[in-house]
Amino acid sequence: MFNDPSIVSFFDVRGWVTVSEDYNLRKMLLSLLQDVGVNAELDKKSDIGEHSEEEEEEGEGGGGGGGGQEEEGNLKKKKKKISDVQLANRMQKSDGELADRLQKSLKGRRYLIVVDDIWSTEAWDEFRLWFPEYNNRSRILLTTRDIKVAQYASYPRDPSPMRFLKPEESWTLFCQKAFDQKVCPIEFENIAREVVKNCNGLPLMISVVAGALSSKRTVDEWRKVAQSVSLLVNLDDYQRCSRVLALSYNHLPSHLKACFLYFGVFPKASEISVKKLIRLWVAEGFLELKGFEGLEKVATSLLSNLIDKSLVVVGKRSLNDKIKTCRIHDLLHDFCLREAENENLLYVTETPVSTYEGSRKVSSQVRRWVSVYPKDGSFPPNLKKLTLCCTFLLWKDMTIVSMLPKLEVLQLRNNAFVPNIGWKVTEMQFPKLKFLLLEQLNIKYWRATDDCFPCLERIIIRNCRFLIEIPQEFADSMTLQLIELHQCSPSLVNSAELIQKEQLESLGNNMLKVYAFDTIKWRIWEE
């Protein structure tokens, strides 16, 4: 309905936002601004300061493995478009200013906004004023599982309850999902009709069961699934759907199970970038690398398989009809988390984060902590990029990171490692590392032997105020091209300049550039 030509022609603007239980107002605002065609302003200073680092992330370590020159060429052709996450991080405006901008952009335009899966009246109160009323036949379509929320939002009108599918509608949906057509083969019809009857008109249940059966080719296989579904008749709707999800998961091939469970890494109800998803699958070792084209083909095939089984929903498509984003139903997300924890694949905790908007304290945001359990006591062997922030790991654990054979980008931020004494690198560590970022670490010393970091090209250090010097062993490095320092001590700046000087005098190397910004004044640093 949302993309029906009559709807597209009638409304000037259409937007869709999924709220869910743990909603993020800022992401919702940015998503709606994008839907209505408004380009949010970027923080220019942040854009300049972080550009070189992001180039390195994309060009060096973004692929998660094996993309090679072909992937790098594709990235250059795209001219490094800014992702939604980067956009959110760079926004100068507050949530209130973004909401005001959205409201003004809708002024005088006939709009249709779908607010999907809202859980509370408080959530509706937080963003209902985003949508102005100009009596121009604009509409807000809101979906919820809670009748009280529906009554509150639609007052004084009565809400429209979503009914169960009629038998004919259920049958049509089942055939579309199971056979990609409306005609069921005669040998499966009796079993199929029994399955549809036991789904009791629940669209999600019908779609998932049909998806599970779509790959079954024999009557015996169909009977086994039908028997499993028949055992769920006396359960309530939630239990029935949950059991069906487990049933569909159990019928997945083994190589698809881990790929599906990995959706639990992403926040609930989020639009997931297919490009990012593929990179994460590769980093985890779920896919075998055969060059970028082969990788893209294999990953697309796996994702299409999950979509065909109605476990994943297509979000946005590109102009050439490739899938750009996807998402999964909340119940499927809950299942992924439960099963992934049982399989020791990942563990997620969420804690509230308080921020300040002007003089007002905002506590609606949630920090999401995802721990991906390494296999066999190590990180994924294909990992090319790693960012650690607020992880409070012990420095002795850095040995595991340092031995990753393909790691090219390492970013350590804000208490990534403790205690805050120092970092000692030995024994041929970081064999492929090209880019190193140290940010807001309270370490006092950093030592390294001359056989470490043999490929390192760029060092960026930000706000590490207590770090005294960069290892002088870098004076012998034949690959180092850049040392960039922000808000660091004069001693650290001097050590970088000394490395640069020794490189020039001893090796005749004038390629190394040293830049220092906002160096701490001597008096402040000594205090």
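Predicted model: local features only at pLDDT ≥ 70, side-chain atom pairs only at ≥ 80, totals over all residues.
Leu 436 is buried, at a relative accessible area of 0%; here buried stands for under 20% relative accessible area, exposed for over 50%, and partly exposed for anything in between (1.4 Å probe, protein chains only). Residues are numbered from 1 along each chain as its sequence is written, and side-chain values use heavy atoms, with hydrogens and water left out.

Leu 436 sits in strand β14 (residues 435-439). Helices (H or I, at least four residues) and strands (E, at least two) are DSSP runs, numbered from the N terminus. In sequence, Leu 436 and Leu 410 are 26 residues apart, yet their C-alpha atoms are 5.1 Å apart in space.

Strand β9 (residues 385-389) shows two faces: Leu 386 and Leu 388 make up the covered one, while Lys 385, Thr 387 and Cys 389 make up the uncovered one. Five bridges join β9 to strand β11 (residues 409-413) in the parallel sense, where two strands pair if DSSP finds at least two bridges between them. Cys 389 of that uncovered face has Arg 413 in β11 as its bridge partner.

Elsewhere, three strands form an open sheet in the order β4-β6-β5, and the pairing is antiparallel. The edges belong to β4 (272-273) and β5 (313-314), each with a single partner strand, so one side of each has no neighbour in the sheet. Between β5 and strand β6 (residues 325-327) there are two bridges, again antiparallel, and Val 313 finds its bridge partner in Arg 327 of β6. Strands of a sheet pair through backbone hydrogen bonds, either parallel or antiparallel.

On to the charges. The structure holds 14 salt bridges, a salt bridge being a side-chain nitrogen of Lys or Arg within 4 Å of a carboxyl oxygen of Asp or Glu. One of them joins the side chains of Asp 95 and Arg 26, at 2.6 Å from N to O. Asp 95 belongs to helix α6 (residues 95-106) and Arg 26 to helix α2 (residues 25-35), so this pair ties together parts that are 69 residues apart in sequence. Both Asp 95 and Arg 26 are buried.

Another salt bridge brings Arg 145 to Asp 117, with 3.2 Å from N to O. This pair also links distant parts of the chain, 28 residues apart: Arg 145 is in the loop between β3 (139-144) and α8 (147-154), and Asp 117 is in strand β2 (residues 111-118). Asp 117 is buried, with a relative accessible area of 10%. Glu 408 and Lys 384 make a further salt bridge, at 3.7 Å from N to O. Here the partners are 24 residues apart, with Glu 408 in the loop between α18 (398-402) and β11 and Lys 384 in the loop between β8 (360-372) and β9. Glu 408 and Lys 384 are both buried. Through shared partners, salt bridges also join Asp 117, Arg 145 and Asp 330 into one network.

A patch of negative charge on the surface gathers Glu 427, Asp 450, Asp 451, Glu 469, Glu 473, Asp 476, Glu 502 and Glu 505. Patches are made of residues with over 30% relative accessible area and no salt bridge, with like charges joined within 9 Å.

Most residues other than glycine have a negative phi, and most peptide bonds are trans. The peptide bond from Tyr 155 to Pro 156, however, is cis, with omega near 10 degrees; Pro 156 lies in the loop between α8 and α9 (167-179). Arg 137, in the loop between α7 (121-127) and β3, has a positive phi near 70 degrees and is exposed, with a relative accessible area of 51%. Ser 310 has a positive phi as well, about 60 degrees. Ser 310 is in the loop between α16 (291-308) and β5 and is buried, with a relative accessible area of 11%.

How values were computed:
Patch = residues over 30% accessible without salt bridge, like charges linked within 9 Å, V, L, I, M, F, W, Y side chains within 5 Å. Areas by Shrake-Rupley, 256 points an atom, 1.4 Å probe, with all protein chains shown as cover. Lys, Arg positive; Asp, Glu negative; His and termini not counted. Charge placed at Lys NZ, Arg CZ, Asp CG, Glu CD.
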